[in-house]
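I opened the notebook again today for another look through a model. Here is what I looked up, in the order I went.

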Amino acid sequence: MTQRYVMSIDQGTTSTRCILFDQRGRLVSVTQREHKQHFPRPGWVEHDAVEIWRNLERIGPQALAQAGIGPGEVAAVGIANQRETTVLWDRRTGVPVTPAVVWQDTRTGTLVDELSRHPDAHVVRERCGLPLATYFSAPTVRWLLDDTDGLRERAERGEVLFGTMESWLIWNLTGGPDGGVHVTDVTNASRTLLMNLRDLDWDPVLLGFFGIPRAMLPEIRPSSETYGVARRVLPGVRISAALGDQQAALFGQTCFHRGEAKCTYGTGAFLLLNTGTEPVASTHGLLTTVGYQIGDQPAVYALEGSIAITGALVQWFRDGLGIIGTAPEIETLARTVDDNGGCYIVPAFSGLFAPHWRSEARGVIVGLTSYITKGHLARAVLEATGWQTREVVDAMNADAGIALTTLKVDGGMTSDNLLMQFIADVLDVPVVRPMVAETVSLGAAYAAGLAVGYWPDLEGLRRNWHRAAQWTPAMDPKRRADEYDNWRRAVERSFDWIKPTAGRAGP
Amino acid sequence: MPGPIQSIERAAAILRLLAQGSGRLGLTEIANSLGLARGTAHGILRTLQLVGFVEQDEATGKYQLGAALLHLGTSYLDVNELRSRAINWADALAARSGEAVRIGTHLQGRVLVVHHVFRPDDSLQTLDVGMLLPLHATAIGKVLLAFDANAAAALHDAVRDGELEQFTRRTARTQREMSRMLATVREHGWASDADEAGMGEAGVAAPIRGYGGLVVGAMGVSGATERICDSGGRPRPELVGYVRDAARAVSRDLGASRW
């Protein structure tokens with residue numbers, strides 16, 4: 001039987017999706033199932049890892065049925081996943097020993113403060129490229145080991161396993177308690193704070209710093225390589241790729257060359273820049289992370305800039321203020337005026353992420369006069385996403401020493417033409433949208449297909465990438481400079497609002 | 001002549017009731033006021049809710065007039081909303097057909113391009129969003145003329161008894177010629193143009209419908225005549241199929257049930 005398709009599993013924060021792609025990278029079938037978000041205490045966010053596994057058991061076969069095929073026609077499956085979310089489970093029974101702790105969970109805040117004050121705290125950033133912060137996995141694992149009696153001893157004996165979502169799913173797919181393969185990939189491992197960014201292996205110094213036993217950790221493997229064969233759900237199908245979701249989007253956008261970048265616009269935005277085979281340390285508030293690793297080739301690194309609030313500001317305009325009925329109406333309203341009328345909105349709803357990392361900042365609207373209408377506010381809402389992108393790109397250009405020439409975009413906000421044009425205008429580079437919007441899933445499928453020879457090489461994948469739209473910069477340089485200056489002054493006004501715990505979070 | 005339709009009379013009564021007083025009423029209050037069974041009132045309210053004429057408060061379950069009713073005079077579907085709802089289907093159409101895709105709505109006697117997907121060959125192309133096209137010489141425009149009475153009236157007012165604007169020797173010249181063409185479009189459910197807006201340019205388009213079948217726009221492919229049409233000058237049947245499938249898919253997403 002010919003193997004005509006590749007499957008991707010996108011295990012995201014709110015749902016799990018299965019998509020089948022054909023050889024030209026076109027979508028053949030899509031199935032999706034949401035899982036519950038648990039908020040047991042303020043600041044805590046949990047998932048039920050068993051629910052997520054059951055969802056996959058259901059939607060995997062559904063995706064095959066929708067396409068009218070059997071698992072024999074699937075060349076390989078690749079997994080993209082919500083990053084940093086932590087699962088601990090019993091090796092013998094396959095049952096999680098605690099709820100999965102989601103990347104948004106802030107229960108480790110105090111622990112992270114304590115660890116940051118430790119004289120050896122500098123080793124974290126030096127060895128793994130990331131700052132000590134609550135959303136990475138290591139503090140969470142440490143917290144869980146401290147919190148549950150006897151858990152540390154069981155972890156030391158290798159009876160309790162740690163994994164992010166891709167590890168949990170691969171272990172279950174390959175047999176679970178009955179011979180399940182316990183692996184992770186370099187991109188997911190790079191988000192734990194435990195992997196040495198150059199050796200691409202667990203770092204004994206970091207394991208010691210966090211007090212995490214080596215025996216509970218999965219084996220770190222390349223992002224594109226066959227880890228094993230599924231014995232459940234998709235029997236006989238090779239499991240051949242795993243990547244964190246943002247890295248998968250970088251791969252799906254075929255940003256394979258140094259200097260190529262993509263930005264995914266959702267609730268927040270994540271900009272990743274391929275920096276080639278050398279990790280670039282950031283001095284401008286960005287994260288150094290692994291982009292992908294194909295088989296035994298050298299790993300490709302990336303700089304990451306995360307923006308907390310982009311689409312969420314539009315949602316607030318819709319749900320919090322009720323000024324618009326649907327998110328796309330923000331563009332209609334913004335087009336009722338020609339400019340922002342001197343008004344700027346800095347959406348520091350829970351502080352600012354890259355490149356500022358100011359947890360004490362809070363949102364501001366500045367430049368209000370009686371001239372300002374809701375149309376001007378709508379402009380300011382969209383422009384906030386544009387300027388936040390500009391700040392991250394400036395930081396990237398400075399850190400990487402290469403200037404961005406094009407920005408590839410994906411995500412829901414790319415349907416907003418006014419916003420896309422504004423981003424091109426303020427970055428002064430073309431902004432391009434690819435024809436397949438599902439770049440996360442596509443990236444996982446590409447990496448899996450590459451590992452099994454379904455696609456021959458990266459160039460073949462690049463030929464599948466087609467431009468669906470392009471926005472060309474058209475803003476007067478003087479105006480761009482003036483507006484950027486206004487934006488920066490607005491950002492300064494958001495700083496130092498929360499007292500007295502004012503302090504810096506993150507890098 | 002058939003008598004009045006009872007459910008429409010009752011729907012009108014519910015709207016009048018909601019327009020009076022506090023404007024927020026529960027199901028029982030509405031049913032009691034009009035002497036209707038709760039099930040009947042609920043069915044009508046749900047339909048009114050579906051088309052946006054009535055909204056239900058999540059917390060209290062009470063009903064009130066919907067925003068769509070208050071803005072009945074303005075556009076029924078925001079064009080940016082239309083783009084956002086159609087974008088995945090438009091991408092899929094471009095990928096399947098290998099041609100550029102455009103979505104248009106009627107604006108003051110012209111076609112306003114509200115969405116554009118490039119032809120997937122990575123050649124140099126520029127976004128046509130915001131551009132105005134002639135109604136009578138493009139496939140998208142003909143669909144709008146055939147299925148949107150306001151577009152047809154606007155063109156009629158603009159032209160009166162004069163000649164339609166000519167772009168090539170194949171552009172429709174008279175209202176009579178146009179009427180014949182539009183009858184065919186209504187019969188087939190899709191439209192095409194070949195060398196009518198410009199020599200060497202052709203297109204195929206189909207209507208996008210919302211609730212009740214109301215046409216909110218048209219979606220189609222456009223490109224070089226030799227690629228869009230066969231040797232007999234007719235649009236290639238597989239392209240017509242792709243375009244109709246895509247337009248139907250968007251229509252279903254927008255709530256059109258029969259198409």
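Predicted model: local features only at pLDDT ≥ 70, side-chain atom pairs only at ≥ 80, totals over all residues.

I began with the UniProt record, an unreviewed entry, which places the feature "binding site" at Thr13(A), Arg83(A), Glu84(A), Tyr135(A) and Asp245(A). I keep in mind that UniProt positions are given here in the numbering used for this model, that feature names are shortened, and that annotations may be inferred rather than shown by experiment.

Residues are numbered from 1 along each chain as its sequence is written, chains are lettered from A and ligands numbered from 1 in the order in which they are written, and side-chain values use heavy atoms, with hydrogens and water left out.

Next I asked: where does Arg83(A) lie? I found Arg83(A) in the loop between β5 (74-81) and β6 (87-90) of chain A; strands are DSSP runs of E of at least two residues, helices runs of H or I of at least four, numbered from the N terminus. Glu84(A) lies in that loop between β5 and β6 too.

Buried or exposed, I wondered about Arg83(A)? Arg83(A) counts as buried because its relative accessibility is 6%, and Glu84(A), also at 6%, counts as buried (buried is under 20% relative accessible area, exposed over 50%, partly exposed in between, with a 1.4 Å probe and protein chains only).

On to the interface. Chain B gives 20 residues to the contact and chain A gives 20 residues. About 1,700 Å² is buried between them, with 49% from carbon and sulfur atoms (buried area is the accessible area, 1.4 Å probe, that two parts lose on being put together, summed over both). Asn80(B), Phe118(B) and Asp122(B) supply 29% of what chain B buries against chain A, more than any other three residues.

Last, I checked charges: there are 2 salt bridges across the interface (a side-chain nitrogen of Lys or Arg within 4 Å of a carboxyl oxygen of Asp or Glu). One of them joins Arg83(B) and Glu331(A), at 3.1 Å, N to O.

Technical notes
Contact = heavy atoms within 4.5 Å.
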